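Please look through the model below with its sequence at hand.

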Amino acid sequence: MKYVYLFGNGQADGTAEMKNTLGGKGANLAEMNHLKIPVPPGFTITTDVCSFYYKNNNSFPEELDSAVDNALKNTEDIMGSKFGDLENPLLVSIRSGARQSMPGMMETVLNVGLTSKTIPGLIKKTGSNRFVYDAYRRLIMMYADVVMEKAAGHEPKNGIGIRHKLESLIDVHKKELNYNNDTDLSGEDWKNLSDKFKTTIKDNLGSDFPDDPKEQLWGAIMAVIKSWNGERAINYRRIEKIPEKWGTAVNVQTMVFGNMGESSATGVAFTRNPATGENKFFGEWLVNAQGEDVVAGLRTPNPLNEETKTEGTKNLPSLELSMPSIYSELNKIRLNLEKHYKDMQDIEFTIQEGKLWMLQTRVGKRNGSAAIKMAVDMANQGMIDKNTALLRVRPEQLDELLHPMLDIKSEKEAVLLGKGLPAGPGGATGRAVFTADDAAEWHKKGEKVILIRDETSPEDVHGMHASEAILTAKGGMTSHAALVARGWGKCCIVGCSELQINIKNKEVNINGKKISEGDWITMNGTSGNIYKDRLNLIDADPDTHPEYKILMKWADEKRKLKIRTNAESPNDAFQAIKFGAEGIGLCRTEHMFFDESRILAVRKMIFADNEKDRRNAVMKLLPFQKEDFTGILKAMEGKPVTIRLLDPPLHEFMTLTKEQEISLAENLNVDVEIVKNRVSALHELNPMLGHRGCRLGIAYPEITEMQATAILEAAAELTKNGASVFPEIMIPLVGTVSEYVDQESIVRKVAKTVMEKYALELQYLVGTMIELPRACLTADEIAEHAEFFSFGTNDLTQTTYGFSRDDIGSFLPDYLERNILPEDPFQSLDVKGVGKLVSMAVKLGRNVNNHLKIGICGEHGGDPSSIHFCKENGLDYVSCSPFRVPIARLAAAQSELK
Ligand code: PEP
Ligand code: MG
């Protein structure tokens, strides 16, 4: 097996297609060589080595040693220098690179190859004592942290790691000599500090910093592989659903330096603006700096060009004017990369003494709004076709467009605390927290939080994920916080230098105003403004985004699945129509029963011990229900509306306070004890499996009769007035065909009476929810009678797994943590189990009735992967909450293309 792939000098063993073997970074380094883009030469150790390592008790394949030696030789030949050479030593970087980018989650070691023996040669070659010792101390710091502490499994005492200890030594040294900046330190200073570092490392970690280049190289390779199973990488994989078995590749590459003086620089850039999608070259750079200086946000980076300067950066030097010929070369590479990859790229570059080197290219992360704009623009430019454009936007990314923005009026009146860089658009409000752990903890308790940090690091991702928004004091638009938040479409403001965070007291001072833990703040991630208190958020209007409309039109042309919505009120219905709903797939009628004016009649109905009293009580609800259905059928004119008959267990209507018990007793003219006894008799041990669904209509046929009358009379009156309405009456929780037939016959009888009364024909359907395993198993029998099926996958998941849908939260986190379940089955359909029942029911049902209309109305109807399953299994429609309708439209289009 080939474990090592070479690249350099316009040649490479690998290609961009080989991400599975070479990881994203390695595959693209190879590809850039094929494109004749200047890349420092090196080699990639494959992901197979990582898998081998973990499968074979943390050991490497035997052949790896000689393969690495050969690869190193190839690199040395290209560079004309030698690893470990006394006069002309080659230095290398060791970086991770998984199939899918995991920004900052794994480790990197730079400047490998610097030892007491190679240092003099490099000083002679570069003529700079300072440069070499600065590089050396960086190597020691990284190596001690990544290889000697983390990879070796050393738990730092009191949580203070070796890196922090070494950084403190620099601070002490600077204080002693009255230095303000790292740049004030001389070569001699760094040399002395390097010696101190080594002693501290020996004292704390018990071993010597290695002085042998090969030992450094293998230590770093092993540490990168180990970082695949580091805590933060595992956390990130869980959030991003990246399989553990993928493993990481390791890239060993010649070092190039952006900190070799004023003709050297380093930067990161995007071929288009990742926040807005605009087709403008966008990035940040720093003269005389290492790549980590830009990303860590310790120095404020400069804008790449004049065109993308903002109010805040207008006085900073652009690369375009500072190094025009390099900028022009970089811009050519930008166009070359976009033309080749046909997508926006995120690139890293270094300029070493006037020569440009590309260190990385990868598909750039972008927020939803930018993803839509880029996809549509690129299709219109002819760079990609419409189908590719549709696949470029993750359906969940539409969420960002549909998400709230700050209410301008309340923003005007609000107290402005400060301003930072707008890294993630949209509005957010939440309570201030200051550590990632606190963010996760508070979130678990149901609180909305905003995480405030000096800067974020990959260790913070769990807390960032749990927060409504992220606010940092340091960092630019390409800092860790900005990149991660943008990937998730979260509101984010970075680089707000007015923040003075006191982490010990958990408070922050912003321009003289104190915000303590738990205080509400609000952020406008589009402008960068931060406000005191909780401000109003208003729903977004995606119609103001022209490319969104175009993309949705393309999606509608492509998809075959119909998209309906779950809605109970005309308002929800209108909202859903605005988002593109083509009907209602589930109108839950029970919510209509809780209204103040109706609940007494409902309770009287439940109390009645004879049919006459019950009928009297139930029929009091008829006019109300008729009004409800008129409203909703009218709002959905011309579109089908599935109305479900009463479903919940009766006790839900009978949770009474003492006062309510007394008032009900008065109303019923009975003793309060009788009320109490009846309430306790209604108590059920497993109400979700109790007296609910069609079991209610069977015990109390008057309810079915009243609801059917209300629906059909509303439909008849609307029809008389010239409207076209299509009610579909749905019987819930059917387990046997006889239950269905019993209820259907009531509905049909009512329909006959109504049509006679109004002297017209109504177009209506009667069908059932399929939400019990027995209904799936006997779907053929039910389909002989029912005109439609709608899968209630909430109850079907509950009854298939035997997991209570209300109590799963108590054990689900353990299940997910230990990989016993891949995800919450109430969110994403369990294809293997619940899905098998669904497929079976579809087949059985369509075998007897090939016109059977079939849809889904459980929560899964708005989940993209479940939608894909629905399409594969021949469903006619999915139904989801109004705000998920656009997501479902796009997911349905994508399911035609996958
Ligand atoms: C279902 O069970 O999937 C369903 C849609 O019904 P409900 O959630 O109201 O029980
Ligand atoms: Mg249900």
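Predicted model: local features only at pLDDT ≥ 70, side-chain atom pairs only at ≥ 80, totals over all residues.

Residues are numbered from 1 along each chain as its sequence is written, chains are lettered from A and ligands numbered from 1 in the order in which they are written, and side-chain values use heavy atoms, with hydrogens and water left out.

**The shell around ligand 1**

- Ligand 1 is surrounded by 14 residues, and the closest of them are Arg588, Gly792, Asn794, Asp795 and Arg805; a residue is near a molecule or strand if one of its heavy atoms lies within 4 Å of it.
- Sorted by class, this shell contains three nonpolar, four polar and seven charged residues, where Ala, Val, Leu, Ile, Met, Phe, Trp, Tyr, Cys and Pro count as nonpolar, Asp, Glu, Lys and Arg as charged, and the others, Gly among them, as polar.
- Strand S28 (584-588) and helix H32 (793-801) each contribute at least two residues to the shell, and H32 gives the most, with three residues; helices (H or I, at least four residues) and strands (E, at least two) are DSSP runs, numbered from the N terminus.

**The magnesium ion**

- The magnesium ion, which is ligand 2, is coordinated by Glu771 (OE) and Asp795 (OD) at 2.0 to 2.1 Å; donors are N, O and S atoms within 2.8 Å of the metal (3.2 Å for Na, K and Ca), and water is not among the atoms, so sites may look incomplete.
- This pair links distant parts of the chain, 24 residues apart, with Glu771 in the loop between strand S31 (765-770) and helix H30 (773-777) and Asp795 in helix H32.
- Glu771 and Asp795 are both buried, a word that stands for under 20% relative accessible area, with exposed being over 50% and partly exposed in between (1.4 Å probe, protein chains only).

**Salt bridges**

- The structure holds 52 salt bridges, each being a side-chain nitrogen of Lys or Arg within 4 Å of a carboxyl oxygen of Asp or Glu.
- Lys553 and Glu557 form one of them, with the closest N and O atoms 3.5 Å apart; both lie in helix H20 (residues 546-558), four residues apart, about one turn of the helix, and both are exposed.
- Glu728 forms a salt bridge with Arg564, the closest N and O atoms being 3.0 Å apart, and because Glu728 lies in strand S30 (residues 726-731) and Arg564 in strand S27 (residues 562-566), the pair ties together parts that are 164 residues apart in sequence.
- Glu728 is buried, at a relative accessible area of 3%, and Arg564 is buried, also at 3%.
- Arg614 and Glu702 meet through their side chains in a salt bridge of 3.1 Å, N to O; Arg614 lies in helix H23 (residues 611-620) and Glu702 in helix H28 (residues 701-720), so this pair joins parts that are 88 residues apart in sequence.
- Arg614 counts as buried with a relative accessible area of 12%, and Glu702 counts as buried at 2% relative accessibility.
- A network made by salt bridges that share partners joins Glu107, Asp145, Lys150, Arg163, Glu167 and Arg232.

**Single residues**

- Gln253 is found in strand S8 (residues 248-254) and is buried at 2% relative accessibility; a polar atom of the Gln253 side chain lies 3.0 Å from the backbone oxygen of Pro40.
- Glu353, in the loop between S12 and strand S13 (355-363), has a positive phi of about 45° although it is not a glycine.
- Lys506, in the loop between strand S21 (499-502) and strand S22 (507-510), has a positive phi of about 50° although it is not a glycine, and Lys506 is partly exposed, with a relative accessible area of 26%.

Technical notes. Polar contact = N/O pair within 3.5 Å; in protein donor to acceptor, adjacent residues only side chain to side chain.
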